[in-house]
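Here's a quick walk through one protein model, helix by helix and core by core. Have a look at the fold before reading on.

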Amino acid sequence: MEPIHKIIFGDNQFFGINHMSQEKAQQLAEKFFDINNIFRIYDTAFEAGIRAVMLNSNDRARDICDYFRKNQAKYADIAWYPSIPYPHKYANLVAEKGIFPAIKEVLFSGNTAMGTMGLIGMGGMAVLGKDAIKMMQMLIDVEMKIFAGLDVKVIFLQNIITDLMLGYDLKDVFVGYCDHIKSKYNALPGLITQNMPHLLGRLKSWNIKEVVVCSSLNKIGYLMSPDVESYVEAARNNDPSEYQLMAMSTLASGAVPANEAYEFINRQNIQSVVFGASSKGHIKETVKIIDI
């Protein structure tokens with residue numbers, strides 16, 4: 001399995017997401033309302049040596065990707081780690097229309113006649129036949145249109161989907177997801193979870209390998225189930241040739257000071273860290289102290 005980047009720049013700060021402080025979230029939303037401020041922070045991260053970006057397929061992702069496509073010569077060495085789907089979009093559609101009308105709208109709205117025929121040819125009748133795996137693969141293809149033409153390294157499934165599938169023990173859906181990412185996009189499948197030890201155990205038992213697993217990892221157990229000790233043990237026993245581990249929420253949304261947080265992180269058997277920051281000082285400091 002090809003190694004992933006050790007440091008990846010995340011995007012929560014761009015979209016007013018802060019799990020600990022609504023005031024801080026509002027400040028971030030206001031700061032990055034002007035999309036040019038987002039591009040300036042990306043440039044700051046690249047100047048600090050970061051060469052990989054994780055981006056959720058939310059409402060502004062298309063504009064961000066358009067910018068990088070238009071300036072591809074400048075950013076030729078930047079790798080992308082998309083995180084799909086954007087759950088709020090689907091939740092709102094399902095609440096308004098019901099699940100199958102919502103799926104049909106996502107699949108077929110905005111497509112040209114040729115594109116629609118292509119989707120039907122690739123299995124659009126699955127919408128009528130309720131073939132869950134085929135529909136999932138088609139929805140992935142719709143989400144991934146945003147990232148067309150970029151150097152995609154890993155495609156992550158959001159934890160709200162991963163953990164739902166994990167709870168229902170849906171082996172076939174995990175297999176279908178991972179196979180589709182590898183075969184169609186020549187990328188590594190990624191899974192974001194809030195229960196890394198359990199997910200690793202199930203992937204091993206199902207013999208699903210060459211997967212990147214991203215989960216919260218911090219010394220206070222923030223967004224970590226069942227506990228810190230289980231994560232440390234699972235990482236210690238992990239074989240990176242089968243599963244590469246990526247840590248997120250390393251500062252526990254600001255509850256743990258950076259030096260203290262990364263003193264813990266640097267001792268773990270992990271392959272990558274994803275973090276978001278909104279200032280030059282924070283970016284440079286974080287890059288300097290990550291030593292995994």
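## Around helix 11

Helices here are DSSP runs of H or I with at least four residues, strands are E runs of at least two, and both are numbered from the N terminus. Keep in mind that this is a predicted model, where local features need pLDDT of at least 70 and side-chain atom pairs count only at pLDDT 80 or more, while totals for chains, interfaces and linings use all residues. Residues are numbered from 1 along each chain as its sequence is written, and side-chain values use heavy atoms, with hydrogens and water left out.

## Which side of helix 11 is buried

M196, L199, L200, L203 and W206 are the buried residues of helix 11; buried means under 20% relative accessible area with a 1.4 Å probe, protein chains only. They sit on the same side of helix 11 because they cover an arc of only 135° around the axis, taken from the directions from the helix axis to the C-beta atoms. Their packing partners are helix 9, helix 10, strand 5, strand 6, helix 12 and strand 7, with contact meaning heavy atoms within 4.5 Å.

Helix 12 (residues 228–236) packs against helix 11 (residues 196–206) at about 35°, the axes being 8 Å apart. Those axes are lines fitted to C-alpha atoms over the stretch in contact, and angles run from 0 to 180 degrees between N-to-C directions. On the helix 11 side you'll find M196, P197 and L200, and they meet S230, Y231, A234 and A235 of helix 12.

## Helix 14 and its cover

In helix 14 (residues 280–289), the buried residues are I283, T286, V287 and I289. Strand 1, helix 2, helix 13 and strand 8 are among the elements covering them.

## The cores and the whole protein

The largest nonpolar core has 74 residues, and F9, Y42 and W80 have the most contacts inside it. Such a core is a set of buried Ala, Val, Leu, Ile, Met, Phe, Trp, Tyr and Cys residues joined through side-chain atoms within 4.5 Å. Helix 2 gives this core its largest share, seven residues. A second, separate core of 15 residues includes V154, M246, M248 and V274.

Overall, the protein has 14 helices and eight strands, and 50% of its 292 residues count as buried.
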